[in-house]
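Trainee: Could you take one part of this model and go through it closely with me?

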Amino acid sequence: MPPAIRQILDMNAFDASRKSGPGNPLLERRLQNFGAASVLFYRSPIEMVRARGAWMVAENGKQYLDFYNNVPSVGHCHPRVVDAISDQVATLNIHTRYLTRVVDDYLDALKATLPGHLDNLLLSCTGSEANDLALRIASTWTGNRGFIVTETAYHGNTLATTDISPAALKKNPLPDHVVAIPPPSPLVFEDGVAQGFAAAMAKAVATLDRRGYGVAALICDSIFSSDGVFSDPAGFLADAVDVVRQAGGLYIADEVQPGFARTGECMWGFQRHAVRPDLVTMGKPMGNGFPMAGVAARAAHMNRFCEDVGYFNTFGGNPVAAAAGQAVLDIIREERLMENALNVGGQIVAGLNTLRASHPVITAVRGCGLFIGTDLCADGDPRRPDQSITTDVINGLKERGVLIGAAGKYGNTLKLRPPLCLTAGEANIFLNALEDTLGQTR
Ligand SMILES: Cc1ncc(COP(=O)(O)O)c(C=O)c1O
């Protein structure tokens, strides 16, 4: 029987239908308040009370090393971000219809990290809004309505971005104007990832043409995180992007996950592939927890879009967001977090490969910097993804004080995204906890 496909929000999710015993009053209130939309982690959810650096603290005093959360990327509650937000919110907090120096100082600093052809930046509050806007810009510019995504992609929660997020769809197939291609995985394309991925792209373009939509854009997460983390070989994306361009489509680099130095070599994930995106979307770590996101675009594309419709975002790019974003950029540079991601990420990959030698359940280790994926499979067979072992390992790590998530079509990839300030000692705490957990897992 083929392994079951996992929906992204189901991975490591608490299952309210299986709860037993005396209820946790806070859990009951949450289930009442959120209803069916409630998504909590773990077989037994944790109540968190505070966090600092790479650590979170639960209500019972237990400390957890955070290998899951790539939002507080420069460290939970980093004092400089806290101060920047507090000072700005106590001084001026308005929308972008007035001139405010803090906003343009930030936009200039952010633009300096991006390729020069992306002249304009538009700020929003969530990655979903940023992607939604990028899709609209691409459709307006190209006159086409079709989009190409990868098979387990997640790009957001609006109507348009849910349509292009196979990982979010529980029952319905993808809409007709969206074509999904396999992830750039050696399990799919063996040694020819670049060629195979480009060929899959050409097929998707032909499908959209046949259906009468044409291709407005390829949108992909530059590290393919929900597909299971695919970073190698560096440069593999370039041929596929060429295919889309030749068909008249744009290339949208979704940097919501890999952006802001996480991949350790560059500020942005797409830079690993030496490609020039037409649009770059960003979010999550941008404000280290302050809700902010954005789209970088060519002026010509933005001009064309704004001829048709206006765009205004009440909270997007307000001075408090700009202050938070500026603090994040300053911390990445001054605390040398990109270099740290490369070094400590390399240490973790080496440690995982050592564990792999004695634990055949680990069938692959991938990634760059502090964005790492590790496949867990039955009997050491890479073609037998094992989501139940993966869930056991995730819960076993939790018992040992480490928080981690899963990814991939079958939910059998451990997804490692600790804060960029992770120390070598903290990396060892994780590796020891994983070794111990694997030793106890069937
Ligand atoms: C690759 C990617 N793009 C976009 C989004 C949507 O961002 P947000 O949840 O801020 O709307 C996510 C969120 O998980 C994401 O992982």
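Mentor: Let us start with L237, which is found in helix α8, helices here being DSSP runs of H or I with at least four residues, numbered from the N terminus. The model is a predicted one, in which local features need pLDDT of at least 70 and side-chain atom pairs count only at pLDDT 80 or more, while totals for chains, interfaces and linings use all residues. Residues are numbered from 1 along each chain as its sequence is written, and side-chain values use heavy atoms, with hydrogens and water left out.

L237 has 0% relative accessibility and therefore counts as buried (under 20% relative accessible area, with a 1.4 Å probe and protein chains only). Leaving aside neighbours within four places in sequence, L237 is in contact (heavy atoms within 4.5 Å) with F197, C220, F224, Y251, H273 and V275. The C-alpha atoms of L237 and F197 are separated by 7.8 Å, although the two residues lie 40 apart along the chain.

Helix α7 (residues 193–210) and helix α8 (residues 237–246) pack at an angle of about 20°, their axes 7 Å apart, where axes are lines fitted to C-alpha atoms over the stretch in contact and angles run from 0 to 180 degrees between N-to-C directions. The helices α7 and α8 are therefore roughly parallel to each other, a term for angles under 35 degrees.

Key: Helix = DSSP H or I, 4+ residues; strand = E, 2+ residues; numbered from the N terminus. Parallel < 35°, antiparallel > 145°, perpendicular 65-115°, else oblique. Buried < 20%, exposed > 50% of the residue type's maximum accessible area, 1.4 Å probe, protein only.
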